[in-house]
Each structure stands twice: as C-alpha cells, then as structure tokens.
Amino acid sequence: MSADSTAKTTPPPVVQVRDMDFCYGTSPALFDINLKVKYHRVTALIGPSGCGKSTLLRCINRMNDRVPSARVTKGEVLVKGKNIHDADVDLTQLRKQVGMVFQKSNPFPKSIYENVAYGLRIHGEKNKSVLDEAVERSLRQSALWDELKDRLNANALALSGGQQQRLCIARAIATLPDVLLMDEPCSALDPISTLKIEELMHQLAQEYTIVIVTHNMQQAVRVSDYTAFLHLGKLVEFAPTEELFTNPREKLTESYLRGTFS
Amino acid sequence: MDSPEPPPRPPLRTLLVRNRKRTVLGMDPQQVIKYFFGLNASTAVIVLVLIMLFLLREGIDFLPTYRNELVTYRRAGLEFCDIIDKPLKEHQSLSSSLRQSVSGSLDTLGKTARDRRDAAFLLKNQAEEKATQQRETLEQALEQAPPPAADKLDILRREQQKAAAVAAASLVYPDLFTAAEKQQLQTEFAALTPEVTDLPPFLQTLAADFTAKDHEARTKFEALVTAQEEFEEAPEGLQEVLDELKEHAQETKEKADEFHVLETNRQRLLEAAAKAKNADEKASLTEEAEASVAEPVNLDERTKELTARAGELREQLENYVKAAEKASASLPQEAGTSAATTMLADVRAKLPVHVQEMRDAALQLDQWRSDKPVSMISVIAAFFFGSQWITNSSWQDFFGFVPLLTGSLVIALIAILIATPISVIAAIYTNQFASEREKEIIKPIIEFIQAIPSVVLGFIGISLVGNLIKDFSEVSWLQWVPGFPIQERLNMFNAGCLLAFMAVPTMFSLSEDALNNVPRAYIDASDALGATKLQTVFRVIVPAGISGILSAILLGLGRVIGETMVVLLVAGNRIAIPDFSAGPGVIFQPAHTLTGIIAQELGEVSRGSSHWQALFMVGIVLFAISLLVNWCARAVARRFEPHKA
C-alpha cells in the first residue's frame, strides 16, 4: 500500500466527522458519528444493509441535500478543516473537492472525452489544451488511456461495464478532488473488472484520499488502510483495517466479521 | 393427451378435465379468445388499409382524367393562346407600377391643391347632408305642378337657409385652409340653396387651382406621363388579335366538350337499348340515342385556323415589344418622389426580362403542335409542380398542387417555430424547476388546451388575433418588422399562431415525458461533480432527452399539418403561391392549405369529376405526408436513445 507517501509527517485529517447526528425527517439515521479520514489513505465503511454507511458517505459531499427534510441535526463535518455546512461554503466547490463514484456506472451519453472533461467544463474551464491534458491524466490514472486513447470520441455507453466504471472514476478525478467517495463501486461488476478497480484504488491512494463503502469484507481487507464498522446508525468501531479484522475490540464487530449476523 | 391406449378406467380427475374441454366453432376456447383479442388489436391496421384503399380508389383516376382535360386544352388551341397570354400578364403589373409612379410624381405639385379641393367638396357634401331634410322639402315644393303660394315658399326657403347656416357653422374646417378661407367657406355653405346650381366662387377657385396645378405637373413630368400612356396602350393591337383567337379556341373547346357529353350519352343509351327486354322500351331508347347525335368537331381544322394567324400574332407582338421598349426608353431617370423613382427603376429593370419572355413566347408559337401527345409524366408534373390551382374557370381548370403545399408548409413552419420554444421551455421548467404545487397547476392547464374545439380557436383567430396583429402592425415603432403594416387580417402568421397554440399540449406533454425518462443516475453524476441545477439541466438532461424532444416536435408537426378548421377559417384562403420576394414578411400574406382546400371544395364539386378526383389526390398526398412525419418521429426516437440501448 501507499507506504512511501505517508511516512514523512502526519498531515491533519482530510475529512473529520464530529459528534454528528443525521435525520431523514423525523427518523434518525446516524447517531453521534466520529470519524477521521486520514490523508492519502483508503478508508472503508462496512456494515450490514441499512446501517447508514451510504448515508454517512453522502454526508461528506452533502449529496443528502437533495433529499428534502434530510439534515444533520447535531455535530459537524469538516473537509480540510472547514465545516461544510457553513453559510459561506459553495456547494459546487465542495463537490469539486469531494468527488464521488456510484454503485452503478453512470457515464453520460456523450463521448469519452466529454465525459472526463465535463467536471472541468462546468467549473468554467474552456482552454482546450488544459482540457486535453486533464483528460489524458485522468484516463492514465484510471488505467484507461492505453485502451481508449484512439477512440476518445466514441460514445461512452459503448464501453464495457468495467470500463464504464473506471471512466466514472476518471471523470471524478479530473477535477483533482481532495477526497474520492466510492459507493460500492464494484457491486455491479464481474470479478475481473472488480480486480482491476481494486488495483486502481491502490494506485489512486498515492494521490487521493479515498473513502469506500463496501459490502464485501474481503474487498475492505484488500483495499483499505482503515475500516469503520457501522451498525444501526452507530459507528461501532474504527481502526486500522488489519487490527479491526484480526483483533476487533468490540463484540459486535467480531460477530459481524464471523458472519453470525448480517 | 390422446394416448394411443386410453387407460381402461380413467380416474376421476381425468374425467373432469376431459369434460371441461369444450370447443367453440371447432376451436379451442383459448384459441378463440386469442383470435378475438388479436382481431381487436388489428382493427386499427385494417381500418388504415381500408382508408388507403378508399383514397386510392377515388383519387387514382385523377391522372387519366386530368390528362384528357390537358389533351383537350392542347388540341382546342387554348394552350396556343396561353403561350402569349401568360407572359402578357406581366404588362399589367408593370403598367400599374408606372401609373403609381406617375400619380406619385403628379402629387408633388398638385397634392395640396387637390387636397384643398377634395376637402372643400367633402365639406360641401357634409353641409348639404346635414340640411337634407329642409333641402328636400324645398325641392319637392319647387317641383310641384301648381307651385305653392309664394309666402309658403318663402317660409321653406328661410327654413332651408337657417338649416344650411347651422350646418355650415357646425362643420370642422381642416387646417388646410387659412382662417379667412374658413370664413369664406362657411359663408358659401350657409348660402347653399337648391335653386342655385352653380358652384360657389371659392370652390370654383379651388377647382381651378387644382386644374392649373395638375396641368403644371403634367407639363413638368410630360415625358413620364407620355411614356406611361404609351406603355399602357402598347399591347392594344396584340390584345385584340389574342382576344379573337381566345374566343375561337374557347368555342372549339365548348363544342368538343358538348360532343363528348352527347356521344357518351348516346353510347350509354344504345347499351341500355341492347339490354332492354321490352320491344317498346328498346325502340324509345334507340330513338333517344339517335336524338343525341352531335356534330363532331374537326379539332385539327379549327386549330389550323388558329395557327394560321400565328404570323399576325407575331407581328402584333413585335409591335407591342417595340412600343414597350420605346416607352421604356423615353422614361425619364427621375420622377417626382424617391418612391416613384425607385418604381421607375424597377420597371426599367424588369422590362428587358418581360420583353425577352415575350420574344421567347413568339418563338414557341412555331414549335407548338396541337397533336403533340400529353405524356403521363407531364401530367404528374403538372399536378405536383403546377403553380396554379384554378377551378370552375371559364377558360381552363388547372390542378397544380404547389400553392396549397407551400401554404401548408409555411403555416406549419410558423406554428412549429412558435410552439417549439414555448412547449420545450415549459416542459423543462415543469419537469426540473417547478414545485409539486406548480406542476399540479401547469400540467392540467396545458393539457386542457387540447380540449378546446378547433372551430372556437378559429373564430378567436378571426375576431381577436387578426385584429391584434393588424393593430400591432400599424404601431409606428414596430415598422422595422418585415411585412408591416399588414394588408390582410387573415394570414398565414395568424393561422400559424393558433396552430402553435394547438400543438403546444402535444409537444409539451411528450417533451416532459422525454425529460422524465432521463435516468436519475445522470443527474446524480452531474450533481456529484458540482454542477449547478442549470448546468445539469442544459448539459445533461436536455441532451439526454433530445431524441424524445425532437420526436415530440415532429409529432406536433404532424398535428399541425393535419389541422383543418383553424386554417380554413383563419389562413385567408387565397390560392396562390405566397410572394417570397417579400422576404420574411411573406408570413403576413394569406394562403390556402392542403386540408383547407379539401374541406372547402369537396362539398361543392360533383362526384367523380376531375375536380373531385384532384381533391382526393390532395388527400392522398396529405396522408403520405402525415405518415412520413410520424415515421420520422419514431425513427428519431429510436435513433438517439442511447440510454435505452
């Protein structure tokens, strides 16, 4: 894993969640969450279905804003030390800082080039050479450049499922975000595509901070440096991955890992 | 089920199953139900096929019928006359331009004098009108056989004088006159009596003023006036010969038609006689048939009489051309006003073209043959590319389809250009920005438009929109709009506006559906990249829904092209190709349409006539256009639907 980039100093956490409660209308979904996502590390969120791990992920880029009546009722979320609910926070800038990849690949029905350039274009970039450069860099980082460099103008929907998902990653990192959120990015993919995405995550961790939600505990072990286990809206345990999987402190974690409940 | 060896004792269950299996008309009930449903589903297809067959059956004979008519048109020599007659029509428009130019020029000098004269005479009429009653009483009294007593007449005279004075005082005198002149006029009007027929002196002066001014003007623009008169008179000789020839050709055609009718009638009677069983009936039918004998017309002989005069015609034509050219050469460069000068220049530019056309026509006279066959292709071309739709004409009917098609297309284009932005923007707003409450209000209201009967929209167009457009076209700061001020209240733009209104619900609902069908995931992705709502809408949602929107527009177009009532009432129904030289202002001209012409004329023509068949041909074309538009809409929807692939 990204051993070389971390050894120097310990930078402040990129994302910090402090004593956060979150509600959908009147029904609370998350209780008293405390989480520190470390710089250039992969943090995995695991837990049974409906435990709130996707909700927690979506709190980080305020995607929950689109759900009417959903709100943070207590505590705060800091990205690079800045409370993202402050009045002076520009949502478009926040989302430029915090990229996101979804469960199901969702490239736009546009060309490959336009897909990757989209994020830059909406933030006002018009210079063709800057766009070209960003597209090439993003596609290289997501290991698509060699496969696709000759058909950048082809429709993105013509790609295979795995390629589409990597294209979505390329699209998300084109704006050089500080944090990349991934919501079960491999759940709709075949094992080989999954493997490719996982390899990609190792490489991306050298340049980006990644938070990933996964159902697959093996995957959490394979890709992450830290793991958080959530259960019924509570953060049960947060520890370095190796420690959490080999030597969980909480009983609940242990029984979940053993598969006693799901 | 049917095993070769049925079990010896079937168990109870098998027995029940077998009992239940009944047949209807020798078929399994399942099958019957399936066919029943299938038949219902295919009704639409069957009806569509029947409609097509019916249209074809009525319309397909049009081509041979029209061909026969065109053959008669040629053989009777009408075509021969039209060779000269058609280009000669240009003379009228040139002549009218010249006339306008002359009157414009004369006005520069004589306008004030004329206005003063006209105003004074108008005032005189008004003064007389106001005192009509007293005036008429006096007149009647004067005309009585034994004239009434002098004192009685005096009373009447006094009353009349009083009324005239009151009338003269009540008039509003325009500022064309000075105060003194106004006073003068009033005195003169007050003094009007039926007993003096001479004009009052001041009025006489005014009239004389005008005559003098007019004379002055005519002397000043003498060259122009003479040239105009010469040009006006130039075609007289030609027209005379042509009229004689036309009359001759017309007569030939009528005789040929009459012969044709009688001959057909005779054939029919003879056939009936051959079939008649009863001897008496047979005899009477044969007799009738013999009575219906007509003198056959020797068409060739008669057209030869026409062509024999080709030399004379050519000579007159040459005379005309020379006279016209001479007149044009003597036209002065300058006219009285700039508008008149422009008109002169226009005439001067158009004249060589006209002369050339006339000379070409003269050459065509020689090549014309009355026995040249009329090919089917030329008949088809005459229908599809013919620029004249003339029916019930005493000269010749033409069924050219282009004026109707242009009318329909221009109106549809206007409607689509207006309706597309409105309905698409409304759909985007409703789908993406409106609150739930707004949606609940907007959608039913727009969909309600569909329920308005089109005839109601038609009279809204006649009574409201027409006047609105007319009023707007006269507003001074809108004069930059091409075509303003408009001449006709009922025009293509008016019809286009109303059709746009009718197309909006279709286009709005389908566009809204298209936007609704854009996958949620695209919006998620765009939002997560930090796009604003507007960016998401215009960069992702609209492009992804574009196929649905295009297909909505095409279906709207189909609706607009097929709409009848509104265009019939509002489009102005002038059967002529709109004058596209007017630029974009062409939309304010009246036109007729494919649908309108069928609705208007089909009820009045006799069944089976060429006109009837021509209308069915129009119907067939209309049907084909609608099918094509709908097919395109489907093709577009399929072509750009990546997220459904």
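Which residues does S387(B) touch, not counting residues up to four places away in sequence? They are V402(B), P403(B) and I577(B), where contact means heavy atoms within 4.5 Å.

Welcome to this predicted model, in which local features need pLDDT of at least 70 and side-chain atom pairs count only at pLDDT 80 or more, while totals for chains, interfaces and linings use all residues. Residues are numbered from 1 along each chain as its sequence is written, chains are lettered from A and ligands numbered from 1 in the order in which they are written, and side-chain values use heavy atoms, with hydrogens and water left out.

Back to S387(B): this serine is found in the loop between α15 (376-384) and β1 (389-390) of chain B. Helices (H or I, at least four residues) and strands (E, at least two) are DSSP runs, numbered from the N terminus. S387(B) is 222 residues from S609(B) in sequence and 21 Å from that residue in space, C-alpha to C-alpha.

Two helix pairs are set out here, with axes as lines fitted to C-alpha atoms over the stretch in contact and angles running from 0 to 180 degrees between N-to-C directions.

| Helix pair | Angle | Axis separation |
|---|---|---|
| α16 (residues 402-433) and α21 (residues 533-562), chain B | about 145 degrees | 9 Å |
| α3 (residues 112-122) and α4 (residues 128-141), chain A | about 115 degrees | 9 Å |

In chain B, the residues of α16(B) that meet α21(B) include L409(B), I416(B) and F433(B), and their partners include L534(B), F538(B) and I561(B). The residues of this contact divide into 17 nonpolar, three polar and one charged. Here Ala, Val, Leu, Ile, Met, Phe, Trp, Tyr, Cys and Pro count as nonpolar, Asp, Glu, Lys and Arg as charged, and the others, Gly among them, as polar.

In chain A, α3(A) and α4(A) are roughly perpendicular to each other, a term for angles of 65 to 115 degrees. Among the residues in contact are Y113(A), V116(A) and R121(A) from α3(A), with K128(A), D132(A) and L139(A) from α4(A). By class, nine are nonpolar, one is polar and three are charged.

C51(A) counts as buried at 2%, C632(B) as partly exposed at 28%, and S387(B) is partly exposed at 45%.

Terms used:
Parallel < 35°, antiparallel > 145°, perpendicular 65-115°, else oblique. Buried < 20%, exposed > 50% of the residue type's maximum accessible area, 1.4 Å probe, protein only.
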